[in-house]
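Subject: Structure for you to look at

Hello,

I am handing over the structure below, with my notes after it. Please read them with the coordinates open.

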Amino acid sequence: VTGRPVTASGATLVVNQVFGAWQGEGPSAGQRATFIRLMGCNLACDWTPAGGGPCDEAQTWDASRFNLAAQGTRWTPEALASRCEHGLVVITGGEPLLHQAQPGWAALLSLLLANGVRAEVETNGTLVPDPDTVARVSGFNVSPKLASSGMPLKRRIVAAALLALRDSGKAIFKFVCTSPSDVDEVDELTRYASIAPRLVWIMPEGVAAGPLLARARILAPAVASYGFNLTLRQHILLYLEGEPR
Ligand code: SF4
């Protein structure tokens, strides 16, 4: 975990990691980006019973497995913006929209906008974005969770948030799938929410290259039949577990 101490300017965000990497997933895959990973999540996903694994960023929220105080460091928006040397910033988590009421959030988005840096926010789609956030970000990568995540329906699907993100005109929807029946569930959900297939990316679950590719091959026919997009996870394919990215 990288971090910097609090500076005197006041507004801060609690950050788990800041790093440069290619965006590995979705429509911006392959683009060089700065990732800002914020602490905290309102869900607790675990795909283990469905044949997958637990949340791969549990260090941002799971107090039963991690010392969260040691995982998060306070950063000023100015310090964060100074690290954003690429044209794209991906603000991720955890669930980054948990921070949108913080002064540091608005300040960071304003600084990025002023610097001509595009900001994509990765969200689980359960929180309504505020109007200032919608105005300042370049896009939302919304990843609603399916039944295979182990989360109860009421927690993982919040219609008001999903529809607000859809109506922002800045969202794409990315679904982690473990089986073709997950892709059927995506079809059902996106029809319910009137989300066009061209805005949908299916991503196989997997944190190692072999299982990820095997799952992608199994999912591909169903993904094609619904007219959805398919994304792999470039960072998983490129690096062995534990290697720097
Ligand atoms: S929403 Fe994302 S970060 Fe939160 S528990 Fe689920 S997979 Fe992990």
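Helix α7, residues 180-192, packs against helix α8, residues 209-226, at an angle of about 20 degrees, and their axes are 8 Å apart. Angles under 35 degrees count as roughly parallel, so α7 and α8 are roughly parallel to each other. Their crossing is right-handed. On the α7 side the contact is made by P180, V183, D184 and D187, and on the α8 side by I218, L219, A222, V223 and Y226. By class, this contact of α7 with α8 has 7 nonpolar and 2 charged residues, with no polar ones.

Please keep in mind that this is a predicted model. The protein chain has an average pLDDT of 92, and 94% of the residues score at least 70. Residues 1-8 have a pLDDT below 50; in the model this stretch has 19 contacts beyond near neighbours in sequence.

Next, the ligand. Which residues are around the ligand? They are C41, L43, A44, C45, W47, C55, W61, G94, N124 and K145. This shell divides into 7 nonpolar, 2 polar and 1 charged.

Two points of backbone geometry remain. Most residues other than glycine have a negative phi, and most peptide bonds are trans. The bond that joins G93 and G94 is a cis peptide bond, with omega about 10 degrees. G94, which is also one of the residues around the ligand, has its place in the loop between β4 (88-92) and α3 (103-114). S194 is not a glycine, yet its phi is positive, about 50 degrees. S194 sits in the loop that lies between α7 and β8 (200-204).

Regards

Note on methods
Residues numbered from 1 in each chain as written. Predicted model: local features only at pLDDT ≥ 70, side-chain atom pairs only at ≥ 80, totals over all residues. Heavy atoms only, no water. Near = heavy atom within 4 Å. Nonpolar A, V, L, I, M, F, W, Y, C, P; charged D, E, K, R; others polar. Axes fitted to C-alpha atoms, helices over the stretch in contact; angles between N-to-C directions. Helix = DSSP H or I, 4+ residues; strand = E, 2+ residues; numbered from the N terminus. Parallel < 35°, antiparallel > 145°, perpendicular 65-115°, else oblique. Left-handed = near helix turned anticlockwise from the far one by under 90°. Contact = heavy atoms within 4.5 Å. pLDDT = per-residue confidence, 0-100.
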